[in-house]
Amino acid sequence: MLTSKQENAMNPIPAKSYTRMGWALTLFVTLAAMALPPQPSTHSTKSGEFFQEDSIKVADKTGKQLFLESCATCHGADGKGAQQSQLGFDTPPPDFTDCNFATREPDADWIAVAHEGGPVRGFSTDMPAFGEALTKDELQKLMSHIRSLCSDDWPRGDLNMPRPLVTEKAYPEDELVLASNINVEGSGGVMSEVVYEQRFGVRNQLEVVVPFEYREVRPGNWSGGYIGDVALGVKRAVWHDVNSGSILSLTGEVILPSGDENAGVGSGTTVLEPFFSFGQLLPAGGFLHLQGGAGVPVLRDKAADEVFGRGALGKTFTSGAWGRAWSPMVELLGAKEFEDNSSVQWELVPQMQVTLNTRQHIMLNVGANIPLDDPGRTTQFRVYILWDWFDGGFTEGW
Ligand code: HEC
C-alpha cells in the first residue's frame, strides 16, 4: 500500500475540496445506479430465493443419497470424479475431496452450477443443469454432503467477500491485482502496484507488492517507471466460522527500502507492518471488512511510527439470480503518524466492484480517494483489476 507520505509527495497542489467531493460522489452515484434495481443476492451462504417453495416431495433423502443418485455417475461415489473411461466426454470432473480447490468455492456458485448447468459459471455443458429436478432443500443437502468431504479447518469460500480498494481482506487468496492511484487534480501522477497473493497450507497466504510510479515532471512531460518500496507479507487466518460468517487474520509485512528515496518513491528504511484483518458477512448480501495495524520503521530518523485503521462496508447485488455481481462499497481510512503536529488523516473511498466475466474470477473496482480534512491533499481516482488465478486462466470463463 502506498503510504500517505508517498501520496502527498505526488500532490503538491492544494485544491478546492467541494468540486472534488462533487465529482467523486457523482461517480459513485452513477455507478451505484448501474447496479440497481437491487436483486436478491446469491453471495450469501443461504442463496436460493429464486426457487419455488419446495413442494412436498418424496421421502427425506440424505445429501449422500442424493449425491449417489444424481451426481456420482460423473463425480464418483467418493466425489473424486469418475474414471475418464466411464465418461462419454473429455471434460474431467473436479475432485471434491481436494480441499484446496473445493473449500474456496462458495455454496452460491456451486448451487448455481448444479441448478443452471456448467455454462452459468463458464464451465462445460458436460456439467448438466438439474433445474427443477432438485429443490433448494435438496441442493443445500447436496452441498452439505460435498462439504463433509473436507474438514472445517479450511476457510470456506463463502467468507471470501469482495475486495475493497485499500482495506486488506482477511481471506487468504490466490490473486493477481493491478491497482492504480491516479491524480485528478494538480500535476499528473499515476502510482500503481502489482499485488501477487498465493495461498499455502490450509490457512496461509504469501504476498508480494511491487509499487511503481509515473509522474508529470513538467506540464505534458512525464517520467517514471520508478519502483517503490517492495513489500513481502505472510497472512494466516487465525479464526473463521462459516456459520457466523466471520474470519480473522493476522499478517506480518516487511516493506523493503527498494525505492529511490531521492526520487520521492522510497522511505529509505525497512518498515515492519503487522496488522489484523477481520471480515463479517451481513444479512442480504452485505459485508464488512476491518483492518488495523502499525508501521514501524527500522531507522527511526527516516520515517515516523504510524498506526492505521480501515473499514469497508458494502453489499453485493446480482443481475438476475445468477448474473454479474455488483458490490458498491464505502471505505473509511484513518492514519496517524507519531510526529510533532501530526493529526489523524481521514479519507473516504466510495467505490464499485463488478465481476467482468461469467466465471466471476476477473473483477474491476473503481472509486475515488477523498481526503476529508487536509486541504493540502487532493482527490485521487482509484482502480484495480483483479484476477483470481486459481479459478482459471485470464481468458477462461468469459
Ligand atoms: C453427466 C455428468 C455429470 C453429472 C451427472 C454431474 N456433474 Fe457436476 N460436473 C461435471 C463435469 C464434467 C464438471 C466439470 C466442468 C468443467 O470443468 O468445465 C462438473 C462440475 C461441477 C461443479 C463445478 C465445480 C467447480 O469447478 O467449481 C459442481 C459444483 C458440480 N459439478 C456439481 C454437481 C452436482 C451437485 C451434481 C449432482 C446433482 C452433478 N454435478 C452432476 C459432470 C457432471
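**Backbone, iron site and surface of the predicted model**

Q360 is placed in the loop between strand 12 (345–355) and strand 13 (362–371); helices (H or I, at least four residues) and strands (E, at least two) are DSSP runs, numbered from the N terminus. The structure is a predicted model, in which local features need pLDDT of at least 70 and side-chain atom pairs count only at pLDDT 80 or more, whereas totals for chains, interfaces and linings use all residues. Residues are numbered from 1 along each chain as its sequence is written, and side-chain values use heavy atoms, with hydrogens and water left out.

Although Q360 is not a glycine, its phi is positive, at about 65°. Most residues other than glycine have a negative phi. Q360 is buried, with a relative accessible area of 15% (buried means under 20%, exposed over 50%, and partly exposed in between, with a 1.4 Å probe and protein chains only). A positive phi of about 55° is also found at A284, likewise not a glycine. A284 belongs to the loop between strand 7 and strand 8 (286–297) and is exposed, its relative accessible area being 55%.

The iron atom of the ligand has H75 (NE2) and M127 (SD) as its protein donors, at 1.9 to 2.1 Å; donors are N, O and S atoms within 2.8 Å of the metal (3.2 Å for Na, K and Ca), and sites may look incomplete because water is not among the atoms. H75 lies in helix 4 (residues 72–75) and M127 in the loop between helix 6 and helix 7, so the pair ties together parts 52 residues apart in sequence. The arrangement is octahedral because the six donor atoms subtend angles of 85 to 180° around the iron atom; six donors count as octahedral if opposite donors are over 155 degrees apart and all others between 65 and 115. H75 is buried, with a relative accessible area of 11%.

Helix 6 (residues 107–116) is mostly covered, with nine of its 10 residues buried, among them W110, I111 and H115. These buried residues pack against helix 5 (99–102) and helix 7 (136–147), contact meaning heavy atoms within 4.5 Å. Just after helix 6, G117 adopts a positive phi of about 95°.

On the surface, Y196, V208, L232, V254, L256, L272, V298 and L299 form a nonpolar patch with about 580 Å² of accessible area together. Patches are made of residues with over 30% relative accessible area and no salt bridge, nonpolar side chains (Val, Leu, Ile, Met, Phe, Trp, Tyr) being joined within 5 Å and like charges within 9 Å. A salt bridge is a side-chain nitrogen of Lys or Arg within 4 Å of a carboxyl oxygen of Asp or Glu. Accessible areas come from the Shrake-Rupley method with a 1.4 Å probe, and for residues only the protein chains shown count as cover. L272 lies in strand 7 (residues 271–281) and is partly exposed, at 41% relative accessible area.

Technical notes
Tetrahedral: all angles 85-135°; square planar, octahedral: opposite > 155°, others 65-115°.
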